Each structure stands twice: as C-alpha cells, then as structure tokens.
Amino acid sequence: MDRGGGERRQPEESRALLGEMSAPDGNKMGAAPCRRALLHCHGMRYKLLQEGDIQVCVIRHPRTFLSKILTSKFLRRWEPHHLALADNSVASATPTGYMENSISYSAIEDVQLLSWENAPKYCLQLTIPGGTVLLQAANSYLRDQWFHSLQWKKKIYKYKKVLSNPSRWEVVLKEIRTLVDMALTSPLQDDSIHQAPLEIVSKLLSENNNLTTQDHESIIVAIAPLLENNHPPPDLCEFFCKHCRERPRSMVVIEVFTPVVQRILKHNMDFGKCPRLRLFTQEYILALNELNAGMEVVKKFIHSMHGPTGQCPHPRVLPNLVAVCLAAIYSCYEEFINSRDNSPSLKEIRNGCQQQCDRKPNLPLRLLHTSPDLVSQEATLTESRLKPVIVTASDIHVEVERNNTANQKMTANVGNDSEPNLIDCLMVSPTCSTMSIELSAQADRILGCYVEILKMLSDYDDWRPALASLLQPIPFPKEALAHEKFTKELKYVIQRFAEDPRQEVHSCLLSVRAGKDGWFQLYSPGGVACDDDGELFASMVRVCNNVHILMGSCYKTKKFLLSLAENKLGPCMLLALRGNQTMVEILCLMLEYNIIDNNDTQLQIISTLESTDVGKRMYEQLCDRQRELKELQRKGGPTRLTLPSKSTDADLARLLSSGSFGNLENLSLAFTNVTSACAEHLIKLPSLKQLNLWSTQFGDAGLRLLSEHLTMLQVLNLCETPVTDAGLLALSSMKSLCSLNMNSTKLSADTYEDLKAKLPNLKEVDVRYTEAW
C-alpha cells in the first residue's frame, strides 16, 4: 500500500475526505487500516500477572541411573515461592532453593501446559537448558493465567531485543505487524497489553530518525488497530506531530489519526499529565486546515465531535477542544511572552518602573498606540515638554514618557504590591491601548485557525454555557489582548455570549472578582479591545428590543451603576447622545437611584437625555415615576398591610399606586402568587421593616434587589420559597435583620454559617427542613 504518492494531494481526494468526515464516531475514517482489530479472540479472558504465589519444582535432565531414580515423580520436592514476572526474568521474592537464581526469558525455550495421569495437577512446564521447571497453580484458571502471562512476557522480551537493533526495515515492519496481531489476539485483558507494543514502536522510532516517508506511513498503518482503544505514548505523539507537520495532506492523517484524535478528545481527562497528546491534537487540526477545503474540513471534524443531535453525548470534548485552542493561541505569542525579561512586566507598566537600560527616576511607562490618531492636546503637551524615548523589545514598543502629570498618578500606585489589573496594564494611557505586534505567517495561520474553532464552538447552544465558563477569567496572555486582529476576531464569540438569554452564559462576561476585569470591561468603551464605539458594549446589556437580560439578572444593581458612573460615564453619555436606547436607560437608572451626586453632572446627563427623542421620552417617564414615588413615600397610609391569597405582581403594583404608603412597616404577601418582579415595588417603601413572603414564588433575583435597597429591614420570612444560596448570600448586607425564616428552602450549611457570621443582629433563625438543619 503506497501512502506517500503524490496522487494523494489531488482535489478529488480532498473532496472524498469531506464526505467521510460526517461520521460522528469516526467509523468510516481509518476503516481500511484498522480491519485487523476484528481479530480479537473470544473466550476466557485473563488479567496480566505481575506476581503471585505458586509451587515450584525443578527437574534436571537425568544423566545416570541414580539421577533417574532421584528425579522420578515419587521423589519430587515442591517449594512454595512468590514469583515476580519482571521485564527480563522470572524471580522469587525469597531467592532460595530452586529459585536461588532468577530465570531469564531468553533461557526459557518453551512454555507448555501439563496433564498428569491418575492425579491431575494444574501445572506448567518451562523448558530450560539442562532441565525443566514445573509450576503448580491452585486451579485451572490460575494455571492458564500464569501460562498466558509467561508467554506474553517472553514474547515482549524477544520483540524488544529484535526491534532494538533493526537491520532491514522490511523485516522490522513484518515483526511490528506480528507484534500487533499478537496483542490483538491475546486472551490477556490489560491496558499494558496494547501499550507495550506501542512503547516498543515509539522507542524504535525515536532512535531511528533516518526513515523514509514510506516507512513512516507503513509503521503508522501497522499500529493503527492498537490506537483504537489506547492513547499513543509521548514519543509516538511526537512522531505523529512530525508527520502532521511534514505530510499534512497524507491520507494517513485522515484514515488513521482521525479516530485516534476523536478518542483523545472524548476520553482524555487532563492534558497536563500528557501535554504531547494535546500537541498531537493541535497538529492534527492544523493538518486538516492544510487540505484543499481548509476550514470546511475542520468544521466537519468539529461537527463530528459534537454529533448530529442538539446535545453532545461526550462531556470531555468541549473542555479538551478549548484546552487545545488556548495552547495553540498561546504559542502564537510565545516569542513576545518570552521577551518579557527584556520588556516591562505588568506590574512595572502599572507602577511606572523603568527598563533595565534606562533607570532615570520618575519616568512612567505606557504602551505605544499603533494608531496615529492621538488626542491633539496630549500630543502638544508631549512635544512641548520632552521628546519621548522609544524602547523596542521583540516588536513590543514601550514609550517612556516624561510626563509630570502622569507621573503623579502612577506614583500613587507604586506602593501597592498587589497584582495589577490586566486590562489597566494595557490602558495606562487612554490614548495608548494596543501594542505593535506582527506575527509570522505561520503563527498568523495558527491564530486564524483556532480563533475560528472558538467561533464554531460558540455556535452550539449546548456548548455555549460551558465555553463561557471556560473563558472566564480571561485565559489569554496580555500580548494577545493587545493584538488588534485577535480581539477583533474573538469579538464574534463575545457577541454570541451577550446574545444568549441564559444567565449562566452572559454572566460570564463579568469579572470573577474585584480588580480582575472581564470581557465586559475589555470590550466596553475605552477598553483595550473596543473598536466599534461601544456597539458590542451596548449589545451586552440589550437583547431582543429592550429586554435587558444582563441588566435584569446581573447588572441592575447600584454597584454596577456606580462602576459605570466612575469609569464609563463619558462613553455612556456619548452613546446616549447618538440615540443608543440601552445607554439612555442606563443614564435614567443613574438618575433614578441617585448614583450621581454632582449637580453639574446630573444636569449634563439630563441635557444628554433631552437631546434625542428616545432620551426625552424615557426621561419624561422617569419624572412621572419619581412623582409617583414621592406620592407613594409621602407620610401617611397604613402601617400594616396583608394582600389576599392568590394576588399577583400586577395586583401589588396596582395597590401601591393607589395612595400613600410612607408609613407602611409590616407587609405580608404570604400565600400569594408574587414573584421576584414585585421587588421593584417593594424597594420603594421607605419605612418597611417586616416582610412576609411565605409560600410565594419570590426568588434569588428579588432577594438581590431587596438586599441593596431595604437595608433597614428587620424581619424577613422566606419559608417555602424557591430561593437558593445564590440569593441568600446577598442577605449578608442587611445588617439590621434580627429575624430570618429560611424553613424549607435550598439553604446549605456553608451559607448558613456565612450568614450567621455576617449578620450580628440576627437572633431568631428558622432553618428547619434545610441542609443546615
């Protein structure tokens, strides 16, 4: 079979490959070279013995009449031994008597089963020079297990010696095929049965680098059946990687490597334990991309891994694919990452430290923007003060700017030893957001291929939640985030996250903890990756015509609005001025929740809202709500109120809009049909101290809102509500709580302990029928 011919590069072959790639389990691919896998024997199966207890008797070949008498079966002496089947010999744990010396496999001429006349014993006969070794087992199964294990060890020892000094490669190839057939037909059922031949071939290939392409492909085809149910060892992975790089259009890549890579992606648990498996998968995908159809072949492969249904049946496929993508993208920037020893670190950029070559004091660093469009005022100041000094380190340009104003700002952070914020490091100057990075042609192809794969993965609905979680926190190096091409291509993935209505997806756009920015900050106006005047930023908080999924579930909090007011107020006002409805609503929320204290800033926001039709309409609605709120909060009305059972959110809203409830201190909504949506109305009750939500559908989202606004609440009844730890943890900010009923909720013991520690005034707690009970 000729695997190295030039005809394999024809477009017709590529088109044929695309047709076969549709098989989800890879059955079509590699079918021809793997047919010998059907040679598995049927019947009793045994585990390969490494050691065990057995009776031993050694019989020397009789030379005289006396020796014949002494070796007769009536005078034989049996010794109990604990034998170990090592790689080279059979040895006893107690080297005495018959087994004083180990028996080398090379000295064993034959291994046979014995049957005794009149007194059947379960014995084996090992023929050695000058005599015979008899092994007696306790039963027939153990005897057969010892028999097959000894035969296997002896043959593997022989093949290791034969293949360690190859002379003629046609003979070597024949021996490899025989070795593979032996592994496939062996009655021993053990991982090492298939791994041992692979390791022998792996060592053979690593020690012989002068093989021809034909030899490479013949060996790969010969060992293909063993790879169906086994991962290739590290040295063999290296050999496969080399073949993918040098012969990406070889039919072996499709016919043999495809089922191997599919098995790796489906069953591998940790690439950290065998990184060469990941490297082999990475090179295989790049080889697919080198075919005539390119990314179409890769797309069909990804689809074959997902399967034709809406749910991928293999939970390890996505994490393994993402791990391969992240490693490949990291490799594209490895040259720049390795140059960090000669360029400012993240902390040096943040704190204003100098290059080793220039230790002049008080010279802050900033990243050099590749765009010539700098703010004219800053350019004038820079020219008038001092000419900047440009330091080059492996295509990463750092501008050392003697700017007194910037220096004062940077000095304030020098004493802070905490790890600097990744995005801030790339935004030391608002006009300098990207580094000048030029990738090589090969690195550029790799980057394009694996970013496209991330895009493909984000298109599968069932994979999107896990993909969003795997990309949080941001797993890419700062060099990649500063590369305009990368962030522009990755924007599609982030857009898919933002458009997904599921909270577990779009919530991953946020940072995982304070001080560590997430995708939301990266693509927000003024962020290092923002190149669309905030369109993606707006879409992160807007889905389906004003249904603000992100704001409704994650962002509609004072904390979020405060962060926007402090860091993104200018861009938000600019987008609102251009008629962006999402930004208009954000500005209205800032006014409604009194986020802005400065009167001039409030007036500027109002002017911005009144400059567009949508802004003017929403500001008028805000004014109407504020008037209703003032009427609602006006002193007067009842101090206690109980809604009838079966009341809904709409009924509560209608009731609260009917008069003044500024004196309302005790509200019971028990056994009604209200949900978290009614929290919007509850937070407008200024005097509320006791709230009963027993047996309602009030959930986590409503609790989070209450915890931010009703900080004076003293009594809260959540018995038989669908709240979970996610919402209950938010109650830790309600320091005035003295009575809390969480009976029959999904409260965990850890959350209960956390609440007790953070609520000092809590005196009455009901946690019956919960995990904490």
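Angles under 35 degrees count as roughly parallel, over 145 as roughly antiparallel, 65 to 115 as roughly perpendicular and the rest as oblique. The axes of helix α26 (residues 569-577) and helix α28 (residues 599-610) come within 9 Å and cross at roughly 25°, and α26 and α28 are therefore roughly parallel to each other; axes here are lines fitted to C-alpha atoms, for helices over the stretch in contact, with angles running from 0 to 180 degrees between N-to-C directions. Leu-569, Met-573, Ala-576 and Leu-577 of α26 make the contact with Thr-601, Gln-604, Ile-605 and Thr-608 of α28, where contact means heavy atoms within 4.5 Å. These residues divide into five nonpolar, three polar and no charged.

The model is predicted, so that local features need pLDDT of at least 70 and side-chain atom pairs count only at pLDDT 80 or more, whereas totals for chains, interfaces and linings use all residues. Residues are numbered from 1 along each chain as its sequence is written, and side-chain values use heavy atoms, with hydrogens and water left out.

The secondary structure of the protein chain comes to 34 helices and 16 strands, taken as DSSP runs (helices H or I, at least four residues; strands E, at least two) and numbered from the N terminus. Of the 773 residues of the chain, 50% count as buried, the term for under 20% relative accessible area, with exposed for over 50% and partly exposed in between (1.4 Å probe, protein chains only).

Helix α20 (residues 484-499) has 16 residues and reaches 23 Å from its first C-alpha to its last, close to the 22 Å expected, a span of 1.5 Å times one less than the number of residues. The helix α20 bends by about 35° at Lys-491, the angle between axes fitted to the seven residues ending there and the seven starting there. Lys-491 is also among the buried residues of α20, which include Phe-486, Leu-490 and Phe-497.

In helix α3 (residues 140-164) stands Ser-149, which is buried with a relative accessible area of 0%. Beyond its neighbours within four places in sequence, Ser-149 is in contact with Lys-47, Leu-48, Leu-49, Leu-85 and Leu-188.

Most residues other than glycine have a negative phi, and most peptide bonds are trans.

| Residue | Phi | Relative accessible area |
|---|---|---|
| Lys-646 | about 75° | 60%, exposed |
| Glu-720 | near 60° | 40%, partly exposed |

Methods
Ala, Val, Leu, Ile, Met, Phe, Trp, Tyr, Cys and Pro count as nonpolar, Asp, Glu, Lys and Arg as charged, and the others, Gly among them, as polar.
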